[in-house]
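Colleague: I would like to learn how to read a few features off a model. Please take me through them one by one.

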Amino acid sequence: MIVYFDTSAIVPLLVQEPTTETCRRAWTDADRVLTSRIAFVEVAAALAMAERQQRLDATGHDKALSDFKSLWGSFDVVEISASLARSAAGMARDLALRGYDAVHCAAAAGLATTEGFVAAANDARLNAAWHELGVAILTGDRL
């Protein structure tokens, strides 16, 4: 199985959330894991937000960020090319997505024809966009 992880599926690998076990299972079951380059910034921002909201203390934040930096090397990173950016820009309007979600959408959509490929996100709008584009998504108890 090849799994594309949106940021909302990466953070539960680092911080206990309702979808943590599902995300960990997807991570463990995957033969290959992918994400977009922007996930690096988004995960760091999400962890900083968790600290500001006091869901993480400073030590918890630092550990989660360190764990993330260790995980990052396991990802095959989808770079943001001019073509991907153009595709994402169109998806932002056509599928009513925020900017970074549109990048994740386009990145996964570009890989969707790969056998065994699924996309993982804990984001209803992004999952709906992937569904509309015919991208296989982890659903139900799988995310």
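Colleague: Which backbone nitrogen does a side-chain oxygen of aspartate 57 reach at the start of H4?

Modeller: This is a predicted model. In it, the backbone nitrogen of threonine 59 has a side-chain oxygen of aspartate 57 to within 3.2 Å, at the start of H4.

Colleague: How many residues does helix H4 have, and how far does it reach?

Modeller: H4 runs over residues 58-72, which is 15 residues. From its first C-alpha to its last the helix reaches 21 Å, close to the 21 Å expected at 1.5 Å a residue.

Colleague: Which residues of H4 are buried?

Modeller: The general idea comes first. An α-helix has 3.6 residues a turn, so residues three or four places apart point the same way. In H4 the buried residues are His61, Ala64, Leu65, Phe68, Leu71 and Trp72. Because they cover an arc of only 120° around the axis, they lie on the same side of H4.

Colleague: What does the face turned away from the buried side of H4 carry?

Modeller: That face carries Thr59, Lys63 and Ser70, which are exposed.

Colleague: How do the axes of H1 and H2 cross?

Modeller: Two packed helices are described by the angle between their axes and the distance between the axes. For H1 and H2, the axes come within 8 Å and cross at roughly 100°. H1 is therefore roughly perpendicular to H2. On the H1 side, Ala9, Pro12 and Leu13 meet Thr20, Cys23, Arg24 and Trp27 of H2.

Colleague: Now single residues. Is tyrosine 4 buried or exposed?

Modeller: Residues under 20% relative accessible area count as buried. Tyrosine 4, found in strand S1 (residues 2-5), has 0% relative accessibility, so tyrosine 4 counts as buried.

Colleague: What is tyrosine 4 in contact with, leaving aside its neighbours within four places in sequence?

Modeller: Its contacts beyond those neighbours include Leu34, Thr35 and Ser36, as well as Val78, His104, Phe117 and Trp130. Glutamine 54 makes another kind of reading: tyrosine 4 and glutamine 54 are 50 residues apart in sequence and 29 Å apart in space, C-alpha to C-alpha.

Colleague: Where does asparagine 127 lie, and is it buried or exposed?

Modeller: Asparagine 127 lies in helix H7 (residues 124-133). With a relative accessible area of 14%, asparagine 127 is buried. Leaving aside neighbours within four places in sequence, asparagine 127 is in contact with Ala121 and Ile137.

Note on methods: Residues are numbered from 1 along each chain as its sequence is written. This is a predicted model: local features need pLDDT of at least 70, side-chain atom pairs count only at pLDDT 80 or more; totals for chains, interfaces and linings use all residues. Side-chain values use heavy atoms; hydrogens and water are left out. Helices (H or I, at least four residues) and strands (E, at least two) are DSSP runs, numbered from the N terminus. The expected span of a helix is 1.5 Å times one less than its number of residues. Buried means under 20% relative accessible area, exposed over 50%, partly exposed in between (1.4 Å probe, protein chains only). The arc is that of the directions from the helix axis to the C-beta atoms. A polar contact is a pair of N or O atoms within 3.5 Å; within protein, one must be able to donate a hydrogen and the other to accept it, and residues adjacent in sequence count only if both atoms are side-chain atoms. Contact means heavy atoms within 4.5 Å. Axes are lines fitted to C-alpha atoms, for helices over the stretch in contact, and angles run from 0 to 180 degrees between N-to-C directions. Angles under 35 degrees count as roughly parallel, over 145 as roughly antiparallel, 65 to 115 as roughly perpendicular and the rest as oblique.
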